[in-house]
Amino acid sequence: MIKFENVSKQYERNGITTQALNNINLTIAKGDIYGIIGYSGAGKSTLVRLINFLERPTEGSVRIHNQLLNQLSSQELRQVRRKIGMIFQHFNLLESKTVFENVAIPLVLIKKDKQTIKQKVYELLEFVGLSDKANSYPKELSGGQKQRIGIARALANNPDILLCDEATSALDPQTTQSILDLIKQINEKYKITVVLITHEMSVIERICHKVAVMEKGNIIEHGNVLDVFGHPKHHTTQNFVSSVINDQIPSGVVENLLKIEGNKNNIKLFKLEFLGRSASEPVINSLILQQIVIVNILFAHMSEIEKTVLGSMFVQLKGENNNIDKAVHYLRERGVQVTEIKQWEIN
Ligand SMILES: Nc1ncnc2c1ncn2[C@@H]1O[C@H](COP(=O)(O)OP(=O)(O)OP(=O)(O)O)[C@@H](O)[C@H]1O
């Protein structure tokens, strides 16, 4: 378990103070894949550097497995750090060393014998699917292969925490997916807690169980990915969510509708949001079968997070006003969140 209690961090440079973290309270449970998302400068890297105490907090405490890092000696801190692996956006491999030598570095540093090192390095290379590259140099590898080597090196000391600092930001979408799959496999197979920082919501969507959204040194929202995605409260979270879930009606759809209906005062437009059970039941079909209103589906978007479907749909409901009210009530009773799009929001 990783626990931040009232943690603040200020940097002083040339007489200028930057408040990088502001009274952070956060608990990351053992075995979680915890995503930290925020725009540039939000404080994500600082937060992660506090987990291995590469930075010390100005105020507050950081605990790992109930051990208070603030009180540890340098020797004790080195022991704690050995159990924390880290991977980086630009891989941080030593260009002058072979793949084998790069993966071996953490083991050489703790003076393991040659045979143990050889066995462990080949086991790790096998795990990341690159045993045939042991004698290659980093410059001979693709970005995805370099990151696999970075991961093998991070696992060399059998860590129980893996920190991923924008680990897929320099990779194309397909390679990103394969690296995320590998991180997920590590989490499941070795029960390693993963803390992953990113500015891409799609990364969070794909593998994280929990997420904290950061802005200006504060955690503005946190919780299960599904809860944060399903009901984002803060404007910044809504922006991140809209990058993976298109919850705005495209203007072309509205223009077509206005052409057909002639007058926007005639249009009754609703946004329906489905989460979990309501997304897998035939709610719209049952509404249509009620025959109280005509349902014109204009636009829909579905996403899957942690095996739960999340969706938004824009519909035009046609009929008598009291029947439209009944239809809205019918949907709400079945767990669908219904919001009317007001006329002034249509154009
Ligand atoms: N070593 C440092 N000295 C002075 N200021 C720093 C230092 N490291 C970070 N900062 C400042 O602290 C704030 C938070 O930086 P941090 O790198 O933690 O943010 P971030 O969310 O990781 O950003 P990015 O995504 O761009 O890496 C920024 O204003 C940054 O300029």
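Reply: Before we start, one definition will be needed further on: a residue is near a molecule if its C-beta atom, placed from the backbone, lies within 6 Å of that molecule. Please also keep in mind that this is a predicted model.

The whole protein comes before the part. The protein has 14 helices and 14 strands, and along its principal axes the C-alpha trace spans about 80 × 50 × 35 Å. Of its 347 residues, 35% count as buried, and of the contacts with a separation of 6 or more, 68% are between residues 24 or more positions apart. UniProt, in an unreviewed entry, lists residues 2-241 as "domain: ABC transporter"; that span is 38% helix and 28% strand, and its end C-alpha atoms lie 26 Å apart.

Helix α6 covers residues 173-190, which makes 18 residues, and from its first C-alpha to its last it reaches 25 Å, close to the 26 Å expected at 1.5 Å a residue. Its buried residues are T176, I179, L180, I183 and I186. What do the buried residues of α6 pack against? Their partners are the helices α5 (143-154) and α7 (201-207), together with the strands β7 (161-165) and β8 (193-198).

Just after α6 comes K191, which takes a positive phi of about 55°. N66, which is not a glycine, has a positive phi of about 65°, and N66 is found in the loop between β4 (59-64) and β5 (67-68). K111 has a phi near 60°, again positive in a residue other than glycine, and its place is in the loop between α3 (99-109) and α4 (114-127).

V241 is found in helix α9 (residues 235-242), and it counts as buried because it has 22 C-beta neighbours inside 10 Å. Leaving aside residues up to four places away in sequence, V241 touches M201, F229 and P232. V241 and Y122 are 119 residues apart in sequence, and their C-alpha atoms are 41 Å apart in space.

Finally, we come to the ligand, where the opening definition is needed. There are 13 residues around the ligand, and among these Y11, A20, S40, S45 and T46 come nearest. The strands β1 (2-13) and β2 (16-28) and the helix α1 (44-51) each supply at least two residues of this shell, while α1 gives the most, with three residues. Sorted by class, the shell has three nonpolar, eight polar and two charged residues.

Conventions
Residues numbered from 1 in each chain as written. Predicted model: local features only at pLDDT ≥ 70, side-chain atom pairs only at ≥ 80, totals over all residues. Helix = DSSP H or I, 4+ residues; strand = E, 2+ residues; numbered from the N terminus. Expected span 1.5 Å × (residues − 1). Buried ≥ 20, exposed ≤ 12 C-beta atoms within 10 Å, placed from the backbone. Contact = placed C-beta atoms within 7 Å. UniProt positions renumbered as here; feature names shortened; annotations may be inferred. Nonpolar A, V, L, I, M, F, W, Y, C, P; charged D, E, K, R; others polar.
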